[in-house]
Amino acid sequence: MQALSISTVSKTFGTITAVDALSLTVERGEMFALVGPDGSGKTTTIRMLCGIVKPDSGTVTVLDYDVQKQKEEVKRRIGYLSQRFSLYGDLTIDENIEFFAEIHKVRGYKQRRDELLEFTRLTPFRDRLADKLSGGMKQKLALACTLIHTPDIIFLDEPTTGVDPVSRRDFWKVLSALLKTGITIIMTTPYLDEAERCSRVALMNDGKILLTDTPAGLKQHMNGEVVEIVCSDIRRSFALLKPNPSVLEVQAFGDRLNIVVRSAAADVPGILSFLASNSVEVSDWRTVRPSLENVFISLLTDRREA
Amino acid sequence: MISQLLPIIRKEFRQIRRDRKVLAILTVVPAMLLLLNGYALNFDVRNITMAVYDGEKSSQSRELISSFITAGYFEYTEHLTDYTAAQSMIDEGKVKLVIVIPPDFSRQNMTGRPSSVQLLVDGMDANAATTIIGYAQAVVQQYSQTIILENLTRVGKKSYIPVSYEARIWYNPEMKSAYFLVPGLIAFILAITGVVATALSIVKEKERNTIEQIDVSPVTPLGLILGKMVPYALISLVAAALVLIAAYFLFGVVVKGSYILLFFSTLLFICAALGQGLLVSTISDSQQVAFQIATLISMLPTMILSGFMFPISSMPLFLQILSNITPAKFYLVIMRSIVLKGVGIEAFWDQLLYLSIFIVIVVTVSVKRFKQRTV
């Protein structure tokens, strides 16, 4: 059964086309990520899915309900976590959850609240005002509030932006545990490492989806190979390789460089000798699995050249 | 519907309890206003300081001076020996009034010619000056009458004053400003709690983005608006009651008319104020802007254009028309009718009608705008 499907949905704000004839389907039980740079239309898409933004054209169906025509049915079955922290800072954790339980008409929410607090490990802080929580705790509270009415789908708009790395890990553990309960999770994220944890990923740019696939499947689309080179004088090597025609992309990481080439077997010997002729010592090199970031950048470059 | 409202009302009360800014607006401001306006805003002119330059020093001039003193409004401070001192007395603000009696004051009278006294009045406060001249005129006239009567009696004629008048002041016989001001003050306080606090509380939801969470919940826009308004309506009613109670103990203001009429008219006015607050919340996205706009459209017009302090009938036509932007204008007439006159609905049903029209317009516009927010 499909969790949601949108077909040829567009939305413009003034002269800016935020979402351009987008189509997408997500199955039940998936953890699906919309990935793209700022301004690529991720947030507008997720807001249209929740019924907060009305599309100019196209249809949005969530859980077999038309989002525009059957708003009430949809609202009862979805949870939405917006990009900015959106809870009542002057209410405690308990009171925030209570409020969202009541407006969603959840009867006997107390047991569910205790479960959620236990699940997000917020129980010891339940009487603390939301404003006095750390970024990670706020985000977990917001998640607990979106889960109080046991929705079938939750929409998370950049849930870990501005959250420290430890809390991010913690948040992801909660999400993984949640996925096991059969819920469908749709999220947007600017972090490609987070997208790798999802079952499927849609890469977005300029209001369009470039590709939708599993993280592994996306890597098949990679045009070329990624080679890691450990060498001396990283900065100078970087400057040397950047204009080299056989190097499609260079990135510097501490004591090594990651370069993208069309074919490792064909291009690497030439590059090594080029570096040697410039008196750069290469101590080691190997081909590595491309990251989503490599894939995404390669896709964007292909598109620009096309 | 009720099941939608209750959680919002409960949440709203919790937030009000914790938000110092709103708490201050709701409690300290009305208390301060009542005390400030009740005591300092006093249009009564009493204890007018007065100096006299008596150029004649006759029994008649002394009689005139003593009739000023016994009139009760004037406070005799100084007897000037030098006419030029009169100017410095007023310049330095030592006295508000100088009476100058010419050297030939009684002599003129004896020969049957009119004589005149000069009144030098400090006109810095135009209203007070008008009142002072009025009082002085009355004293001088009274004195002239006695002279006429004396003269007629002396020549053996039976004397009488052709037309006399007896003034009776209704509704506020002691002419206390407080009686006049307290109804306006209640309108003013309700404008603050209603317009400012409501606007702030709705804009806060926008500012903190919590409104989006409500958008994706089953709560309808109307449910949210009503849920927000009920707590502030209740608080406003309590504030109004407290002001009335305080006005009774501090200034002895008693409600002469029906409390039921007072309650329902006040509720109607509160609805108008809440409607204005809602309108403000639809045109501003931050609490700061909301506060400024709310103050601009509620407190200022209530203070200046509603007839609270300045009578509308003496404003230029343009301002008289503009005065309709403040519902306090209608409410003030109603309040004064009920509190001071103690009259029934027949005296102000038209004002209730205007107030209702105002509410319908403001609420329709703002609910429409509020719903448009979700694009």
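The domain bounds I shall quote come from an automatic or database domain assignment. On that basis, chain A is divided into domain 1, residues 2-219, and domain 2, residues 223-289. Taken over C-alpha atoms, the centres of these two domains of chain A are 40 Å apart. Chain B is likewise divided into domain 1, which comprises 2-42 and 176-372, and domain 2, which comprises 48-154. Their centres in chain B, again taken over C-alpha atoms, are separated by 49 Å. Please bear in mind throughout that this is a predicted model.

I turn now to the interface. The area buried between chain A and chain B is about 2700 Å², and carbon and sulfur atoms give 51% of it. Within chain A, the residues that lose the most area to chain B are A:Tyr88, A:Asp90 and A:Ile103, which together account for 21% of what that side buries.

As to polar interactions, 16 residue pairs are in polar contact between chain A and chain B, counting pairs with both residues at pLDDT 80 or more.

Next, the charged pairs. Side chains of opposite charge can pair when their charged atoms come close. The structure holds 33 salt bridges over all chains, and 7 salt bridges are found across the interface of chain A and chain B.

Let me take two of the pairs between the chains. B:Arg10 forms a salt bridge with A:Glu102, with the closest N and O atoms 2.8 Å apart. B:Arg10 lies in helix α1 (residues 2-18) of chain B and A:Glu102 in helix α3 of chain A, so this pair joins two chains.

A:Glu98 counts as buried because its relative accessibility is 11%, and the cut-off for buried is under 20%. Neighbours within four places in sequence aside, A:Glu98 is in contact with A:Tyr109, A:Arg113, B:Arg10 and B:Arg14.

Finally, a salt bridge inside chain A. A:Asp170 pairs with A:Arg121, the closest N and O atoms being 2.8 Å apart. A:Asp170 lies in helix α6 (residues 165-179) and A:Arg121 in the loop between α4 (109-119) and α5 (135-147), so the pair ties together parts that are 49 residues apart in sequence. A:Asp170 is buried, with a relative accessible area of 15%, while A:Arg121 counts as partly exposed at 49%.

Thank you; I welcome your questions.

Note on methods:
Residues are numbered from 1 along each chain as its sequence is written. Chains are lettered from A and ligands numbered from 1 in the order in which they are written. This is a predicted model: local features need pLDDT of at least 70, side-chain atom pairs count only at pLDDT 80 or more; totals for chains, interfaces and linings use all residues. Side-chain values use heavy atoms; hydrogens and water are left out. Buried area is the accessible area (1.4 Å probe) that two parts lose on being put together, summed over both. A salt bridge is a side-chain nitrogen of Lys or Arg within 4 Å of a carboxyl oxygen of Asp or Glu. A polar contact is a pair of N or O atoms within 3.5 Å; within protein, one must be able to donate a hydrogen and the other to accept it, and residues adjacent in sequence count only if both atoms are side-chain atoms. Buried means under 20% relative accessible area, exposed over 50%, partly exposed in between (1.4 Å probe, protein chains only). Contact means heavy atoms within 4.5 Å. Helices (H or I, at least four residues) and strands (E, at least two) are DSSP runs, numbered from the N terminus.
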